[in-house]
Amino acid sequence: MTQDDVIALGEEIAAALWKPDRCRPPAADAPDDLRRRDGPLRFGQAGPADGPGDPSSARSTSRTPRSASSRPRTSVPWSCPAVPASRASRLDAWQEWAKQRGARGLAYVLVQEDGELTGPVAKNITDEEKAGLAAHVGAKPGDCIFFGAGAVKSSRSLLGAARLEIGRRTGLLDEDAWSFLWVVDAPLFEPADEATAAGDVAVGGGAWTAVHHAFTSPQDLETFDSDPGGSLAWAYDMVCNGNEIGGGSIRIHREDIQKRVFEVMGISTEEAEEKFGFLLEAFKYGAPPHGGIAFGWDRVVALLAGTDSIRDVIAFPKTGGGYDPLTAAPAPITAEQRKEAGVDARPEDETKG
């Protein structure tokens with residue numbers, strides 16, 4: 001079982017779902033579009049900058065850092081086409097938009113007709129950086145180059161959201177098109193402090209935590225624990241029109257590899273045995289290589305139905321607070337029900353004291 005095996009199966013499923021006679025608008029090219037002409041996207045690389053139509057038009061070059069020592073704190077800039085300098089004042093409104101998302105702002109520079117870079121942050125860019133910046137992101141005279149400063153994960157999230165919002169407002173997105181791609185080569189680990197800062201749970205007490213989960217197989221079985229920041233995982237996500245519709249990984253099937261992953265994450269031998277002893281024991285009997293993919297069927301149905309919210313296709317949708325308007329759940333429970341459930345039970349030593 002390899003990543004290519006799962007990807008091939010995932011493509012067969014998606015191609016069958018997006019047959020021309022099953023969705024509107026027709027998706028005649030869906031099976032061919034699943035594989036980008038220049039290969040799948042690596043984790044951290046942006047998709048098509050001009051909307052979901054042509055994968056070859058991607059202008060962003062943000063990529064995953066290869067090692068912990070080279071991990072950047074500022075994301076790579078992204079170019080937005082056709083923003084005349086005369087409209088520069090309108091770009092200030094994007095600062096407020098970014099702040100509403102919890103960011104400090106959205107920096108930018110404008111490419112003038114003579115190639116000069118102007119804007120609020122232009123003075124902070126060296127001549128050497130200016131010389132290659134426009135060419136690096138594919139910007140032309142009249143274009144705007146956006147920056148996101150700070151932690152990599154939050155900066156990429158901000159730039160990704162800005163990219164899509166600008167595409168919608170300027171009509172660069174073809175809302176009637178279907179575009180598919182795979183995202184591969186995700187990092188195996190990420191710094192635990194960055195994970196918690198982004199609101200994720202850092203499993204283990206080490207400096208590194210798993211990006212996908214602790215049971216994802218490393219690509220390089222020899223060096224992943226000596227270079228956690230540069231190690232890649234056999235993990236993959238299928239994306240349709242910017243929405244993740246499926247994802248999975250190849251799992252670890254060897255006890256020694258699993259223990260080494262736990263060590264990187266700061267999970268002690270005792271803790272590993274207590275929480276995952278059954279798994280480590282099972283590996284001793286020769287677990288075969290295995291992996292898979294899970295589809296988000298609510299999202300798939302929402303896309304095929306042409307709705308913006310998955311709540312429109314969920315049988316019993318909840319509110320933002322987790323309340324079910326149809327069944328009025330959660331509802332108060334009686335004292336008898338609490339007793340039956342044992343939610344108020346105390347340990348025996350406490351009751352005796």
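Okay, let's start with contacts. If you take the contacts in the protein chain with a separation of 6 or more, 65% of them are between residues 24 or more positions apart. Keep in mind that what we're looking at is a predicted model.

Some overall numbers, then. The chain has 353 residues, and 39% of those count as buried. In terms of secondary structure, we've got 12 helices and 11 strands. The exposed surface comes to about 19,600 Å², with carbon and sulfur atoms supplying 52% of it.

Let's go to α4, which covers residues 93-100. Which residues of α4 are buried? They're W94, Q95, W97 and A98. These span an arc of only 160° around the axis, so they end up on the same side of α4.

The crossing itself is right-handed. From the α4 side, the residues involved are W94, W97 and A98. They meet L158, A161, A162, E165, I166 and R169 of α6.

Next up is α5, residues 127-137, with a similar story to tell. Its buried residues are L133, A134 and V137. Here the arc is only 95° around the axis, which puts those residues on the same side of α5. Over on the other side, E128, A131 and A135 are exposed. After α5 comes G138, and its phi is positive, near 75°.

Now the other helix pair I wanted to show, α8 and α9. In general, two packed helices are described by the angle between their axes and the distance between the axes. For α8, residues 255-264, and α9, residues 269-283, the axes come within 9 Å and cross at roughly 160°. The cut-off for roughly antiparallel is over 145 degrees, so α8 and α9 are roughly antiparallel to each other. This crossing is right-handed. On the α8 side, the contacts come from E255, Q258, K259 and F262.

While we're around here, have a look at A214. Where does A214 sit? It's in the loop between β8 (208-210) and β9 (235-240). Is A214 buried or exposed? With a relative accessibility of 10%, A214 counts as buried; the cut-off for that is under 20%. Once you leave aside neighbours within four places in sequence, A214 is in contact with I252, Q258, V261, F262 and M265.

N241 has a positive phi, near 50°, and N241 isn't a glycine. You'll find N241 in the loop between β9 and β10 (243-250). Its relative accessible area is 26%, so N241 is partly exposed.

Then there's the loop between α10 (297-305) and α11 (335-341), where P330 has its place. A328 is in that loop as well. What is the phi of A328? It's near 60°, again a positive value in a residue other than glycine. At 36% relative accessibility, A328 counts as partly exposed. And then A329 and P330 are joined by a cis peptide bond, with omega at about 0°.

Note on methods. Residues numbered from 1 in each chain as written. Predicted model: local features only at pLDDT ≥ 70, side-chain atom pairs only at ≥ 80, totals over all residues. Heavy atoms only, no water. Buried < 20%, exposed > 50% of the residue type's maximum accessible area, 1.4 Å probe, protein only. Helix = DSSP H or I, 4+ residues; strand = E, 2+ residues; numbered from the N terminus. Arc of directions from axis to C-beta. Contact = heavy atoms within 4.5 Å. Areas by Shrake-Rupley, 256 points an atom, 1.4 Å probe, with all protein chains shown as cover. Axes fitted to C-alpha atoms, helices over the stretch in contact; angles between N-to-C directions. Parallel < 35°, antiparallel > 145°, perpendicular 65-115°, else oblique. Left-handed = near helix turned anticlockwise from the far one by under 90°.
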